[in-house]
Amino acid sequence: MTITANYIKHIEREIIEISLNALEKNELTEEDLKNIAETVLETSGKIALHDELLTMLEGLAVNWPIFSNTLILEKRKKLEEHKGAVIDSVLGLAKSGQIQEAIAVAKSFTNTNAL
Amino acid sequence: MTTEVKPNAEVTQRAILETKTPVTPAELLRKNLVIETRKKLDEGDVQGALVNMGLRHEADDKYTGNADTVISAQKTDKEGNREWTGDEKVRRDESINAIKLANGFVEKGWPVDAIEQNALIDAVKPALATLWPDAKAFFEDTAISPAVREARVKDFIEEQLKNPKVRELVQQLLEQRSGKKPPPGLEVPMELKAKAKEVEILSDQNSKAKTRVNSELTAVNGDLSREYGDPTAKPPVGGARWADLQALRANRGKNVGDKAAFTRDIASKDARLAQLLRSRDSSGSIVSKGSDGWSKTDTRGASFKVIQGEIDALTKDLDDPTDGLRAKLRGADSELAKLADYERDLAEWNAEKKRLEGERQTLIDQGNLLGANNTLLKGEIRDIVNARINWEKQYVADLQSTMTDGFRDHLTDQLRQAEVAQKKVLEEQIASTIDPAEKKLLEGMAGRWDQRKESGVFRKREVTVANKAQVDIDYALLMTPPPKGGPEIILRKMLEATGAPAMTTAEIDAKLADKAFVDKMQGDVITKLLERRLDTAKMPEADLKYIAESSWGEATIQAALQNKDALKKLEAQMRELGLSAGTMHEMFSKKGVKKGLLLGILLGIITFGVVPGIMVKEFIKGEAI
């Protein structure tokens, strides 16, 4: 799934806000902020797919757990998108009488939804 | 009514006492980081915000010393953070910058960056100008463009600042000055601040109470004026009730009299009426009414009619709505009651007016008292704040002159070292010579053109500096062509000078006729005089040229060339410049050499230990002077 530049900007903004709040609460240091900024500046420009965004967020959350919530939310969004696509596909197959195929697609979703 | 001017001093004082302590430089930087980054976000510049977030915002206390905490901010914001006024901020920034400049020099020495170099040069220039005006004169006294002249000054300063000793001196000064803290008496005591705040609150309340009283007084005056006018005005100005009041007051006596008379009449007539009614009723129990109202057949009808007639007349007298006694009594009563109302209102308003005027006066007195207290407290605080400001200004000035003072101390040390070395040589010479004339000249060289002076900032030293008055006299004499002037006259003056051993004119004449003696002494004496001249004033190119090309100039140059220490320094400098020492020696012996410049270089190196590199290069190239 591709994402827009505006969406990336929205995520960047969220990362900055989280970082500044954490700095104010002494949960992060200036050095942390510098590293976070470097990470985001280096990677965000190259992001075109939602998966790439998730990779960046995973990288951040590993080092600074304050970004875990953002990561979880983004994963859920991806899951919702996927779910929508599966439902469309199952319905399409069912309508055309391909019931077994429809069941297989639905199963594949339930097997992979533990993202 | 009383004015509510209760001070909430306890709360105020607590609020002040709970004011937060000053934030540290690290906290300031952190706050700045957050503010600046958020500002970028608000502007929609997310990339800019990320870049700002990634910049290094390190609080390096050693670069700011304690300037952040030493410079006071007399105000705080609602959160208790210090709020610097313009002047306070300037002092803070200036002190931080001064510390940074000096600390940068202590840590890195002579910087690579041209801007930093210029900052250091600007910082130490004042030392050159004050301690060695001669040096300034020397550098300016050339036919070279200002740009090159500046380069020479820079060369000289750079050479000095590269000496690690300057760094040591600056470091000592910096540690001593940047660590200073204001004496305890320069803090405004919290109690004083709280008291001033309390007076301020009371003054505010007083002011509000005055406004309220004035407003109430205006309302009462309005009522009075509207209803009663201004009876004190001439002629009196009437209000709505004024004419009524005058009339009621005028009628009061009549009304009181009438009321009494009416009351009496009514009582009398009521009594009579009652009597008549009783008579009529007792005689009229058998009465029956006829067409005229009463039976004509009644034997008592005639007397009854008489009684009834009187009753009717009395009833009319008493109860006629217009002329009846009761109506008249009501009229008199009503006027008297109205008068009483008017008088009561007037009295109440006047009483209220008086009360409010009294209250106003009390508030004015209170206000004056508070004002006087306020002036006293503010004055006391201002004195402390001003003393603090003066201390801070001195703190900043000391920090700003750290580089200059370190440099000056270094130059003073150098002067002293050179002086000690020179003195030692001269003392040895004086001790070893047996010729009284030679001894006298050497002693003259050791003291004739010198005077003692205290110098140095951090390390006070008594140094020998040129005696400008004597140097000027002798230099003018030297530059005067013979027979009135010239080196021989200088030698004669020195031999004639008071002090042991005393010499007769004949002895002096004999000595000056001794060519070997003159050749031996003249070069050193004149070189010494020229050194001192260079210490005190400009030595223009024309003078150098005149000396170098005069019959005695060669001897002076040769004498200067004998100064091995100076030559050693010159050779070292030449090596630094990438010029071989051999080349310099060769140049000395070349024919047609620019002797003026050569003399300038030699004197400069003897006097200052270094000459501008560009001057040496020019000499080697043979392109200048």
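**Close-up 1. A:Asn26 sits in the loop between helix 1 and helix 2 of chain A.** This is a predicted model, as are the views that follow. What stands out about the backbone of A:Asn26? Its phi is positive, at about 60 degrees, even though A:Asn26 is not a glycine. For background, most residues other than glycine have a negative phi. Is A:Asn26 buried or exposed? With 8 other C-beta atoms within 10 Å, A:Asn26 counts as exposed, because the cut-off for that class is 12 or fewer.

**Close-up 2. Chain A meets chain B through 15 residues of its own and 14 residues of chain B.** On the chain A side, the elements that give two or more residues are helix 1 (5-24) and helix 2 (30-44). Which of these gives the largest share? That would be helix 1 of chain A, with 8 residues. Sorted by class, the chain A side has 7 nonpolar, 7 charged and 1 polar residue.

**Close-up 3. Helix 3 of chain B, residues 46-54, has its buried residues at B:Val46, B:Ala49, B:Leu50, B:Asn52 and B:Met53.** Look down the axis of this helix and those buried residues fall within an arc of 165 degrees, so they line one face of the helix. To put the helix in context, chain B has 26 helices and 4 strands, and 28% of its 625 residues count as buried. Take the contacts in chain B with a separation of 6 or more: 73% of them are between residues 24 or more positions apart.

**Close-up 4. B:Pro482 and B:Pro483 are joined by a cis peptide bond.** Omega here is about 5 degrees. As a reminder, most peptide bonds are trans.

**Close-up 5. Helix 21 (residues 541-549) and helix 22 (residues 553-561) of chain B cross with their axes within 5 Å.** The crossing angle is roughly 100 degrees, so the two helices are roughly perpendicular to each other. Which residues make the contact? Helix 21 of chain B brings B:Ile547, B:Ala548 and B:Glu549, while helix 22 of chain B brings B:Gly553, B:Thr556 and B:Ile557. By class, the residues of this contact split into 3 nonpolar, 2 polar and 1 charged.

Notes
Residues numbered from 1 in each chain as written. Chains lettered and ligands numbered in written order. Predicted model: local features only at pLDDT ≥ 70, side-chain atom pairs only at ≥ 80, totals over all residues. Axes fitted to C-alpha atoms, helices over the stretch in contact; angles between N-to-C directions. Parallel < 35°, antiparallel > 145°, perpendicular 65-115°, else oblique. Contact = placed C-beta atoms within 7 Å. Nonpolar A, V, L, I, M, F, W, Y, C, P; charged D, E, K, R; others polar. Buried ≥ 20, exposed ≤ 12 C-beta atoms within 10 Å, placed from the backbone. Arc of directions from axis to C-beta.
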